[in-house]
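Here are my notes for you on this one. Have the sequence and the 3D view open side by side, and take the points in order.

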Amino acid sequence: MDTLPYAVQTTFPLLFMLVPALGSLLSCRGNPGRPAAEVWQRWWSVGALGIGSLWITLSFLAFPDGMADTIGFAHSPFQFEIAFANLGLALLGFRGASASPRERLTSGLAAAAFLWGAAIGHVYQWLAHGDHAAGNTGGILANDILIPAVMIALAARDLRRARPGVSRAIDPAASPLR
């Protein structure tokens, strides 16, 4: 990883948001009958969360020391744990291809719990220790913040579209326990 220029290392993760965004735009233009929020959710879930998290999983399993160096962290067992946490996110992302808006909202919230915590850690390392490593700031930080935020916003929008005036997330009539 040290052989790649800093700019490439820090911006590469942005591809996991750019490709689904372009795919969504093209799909919406080619399929005007489908709700845009649904099209965006499916692309974003599979592309940004699913494929992005699978890439991180494989990177941490295949190159744990290189990934730790890229982030600017010490080598430790965390690499293995981070790999499997990302595998869980990848599975949630791939599930989004056929999930309901409520399931995609739940996936977005689960991704937020992990990725926003990671973002806080990245910012702390940046401010407290001057860690400007390619894998600590830049593209990965943007991914950690934006991927769950967009998933949550799109699912919330889709839920409002499906039932104007009532959010399914809090509608007792929509509860499977009823």
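1. Which residues form a nonpolar patch on the surface, and about how much accessible area do they have together? The patch is made up of Phe12, Leu15, Leu18, Val19, Leu22, Leu25 and Trp55, with about 640 Å² of accessible area together. Helix α2 (residues 15–30) gives the largest share, 5 residues. Some bookkeeping on terms: patches take residues with over 30% relative accessible area and no salt bridge, joining like charges within 9 Å and nonpolar side chains (Val, Leu, Ile, Met, Phe, Trp, Tyr) within 5 Å. Areas come from the Shrake-Rupley method with a 1.4 Å probe, and for residues only the protein chains shown count as cover.

2. Before going further, know what you're looking at. This is a predicted model, where local features need pLDDT of at least 70, side-chain atom pairs count only at pLDDT 80 or more, and totals for chains, interfaces and linings use all residues. Residues are numbered from 1 along each chain as its sequence is written, and side-chain values use heavy atoms, with hydrogens and water left out.

3. How confident is the predictor? The chain averages a pLDDT (the predictor's confidence in each residue, from 0 to 100) of 88, and 90% of the residues score at least 70. Confidence is highest in α6, at a mean of 96, and lowest in helix α1 (residues 6–11), at 87.

4. Now the overall layout. The protein chain has 7 helices and 0 strands; helices (H or I, at least four residues) and strands (E, at least two) are DSSP runs, numbered from the N terminus. Of its 178 residues, 38% count as buried, where buried means under 20% relative accessible area, exposed over 50%, and partly exposed in between (1.4 Å probe, protein chains only). The chain exposes about 9600 Å², and carbon and sulfur atoms supply 70% of that. Take contacts (heavy atoms within 4.5 Å) between residues at least 6 apart in sequence: 69% of them join residues at least 24 apart.

5. You'll find Phe12 in the loop between α1 and α2. Phe12 counts as partly exposed because its relative accessibility is 33%. The whole structure has 6 aromatic pairs. Phe12 and Phe16 make an edge-to-face one, 5.6 Å centre to centre with 90 degrees between the planes. Phe12 also pairs with Trp55: the ring centres are 5.5 Å apart and the planes are at 50 degrees, so this pair is tilted. Phe12 is in the loop and Trp55 in helix α3 (residues 36–62), so the pair ties together parts 43 residues apart in sequence. Ring pairs link Phe12, Phe16 and Trp55 into a cluster. The rule used: rings of Phe, Tyr and Trp (its six-membered ring) pair if their centres lie within 6.5 Å, with planes under 30 degrees apart counted as stacked, over 60 as edge-to-face and the rest as tilted.

6. Phe16 is buried, because its relative accessible area is 11%, whereas Trp55 is partly exposed at 42%.

7. Next, have a look at Asn86, in helix α5 (residues 78–95). Asn86 counts as buried because its relative accessibility is 6%. Not counting residues up to four places away in sequence, Asn86 touches Ser53, Ile56, Thr57 and Phe114. Phe114 belongs to helix α6 (residues 101–129), and its C-alpha atom is 8.9 Å from that of Asn86, though they are 28 residues apart along the chain.

8. Last, the charges. Side chains of opposite charge can pair when their charged atoms come close. The structure holds 4 salt bridges, each a side-chain nitrogen of Lys or Arg within 4 Å of a carboxyl oxygen of Asp or Glu. One of them joins Arg104 and Asp158 (3.6 Å, N to O). Arg104 sits in helix α6 and Asp158 in helix α7 (residues 139–162), so this pair ties together parts 54 residues apart in sequence. Both Arg104 and Asp158 are buried. Elsewhere, Arg34, Glu38 and Arg42 are linked in a salt-bridge network.
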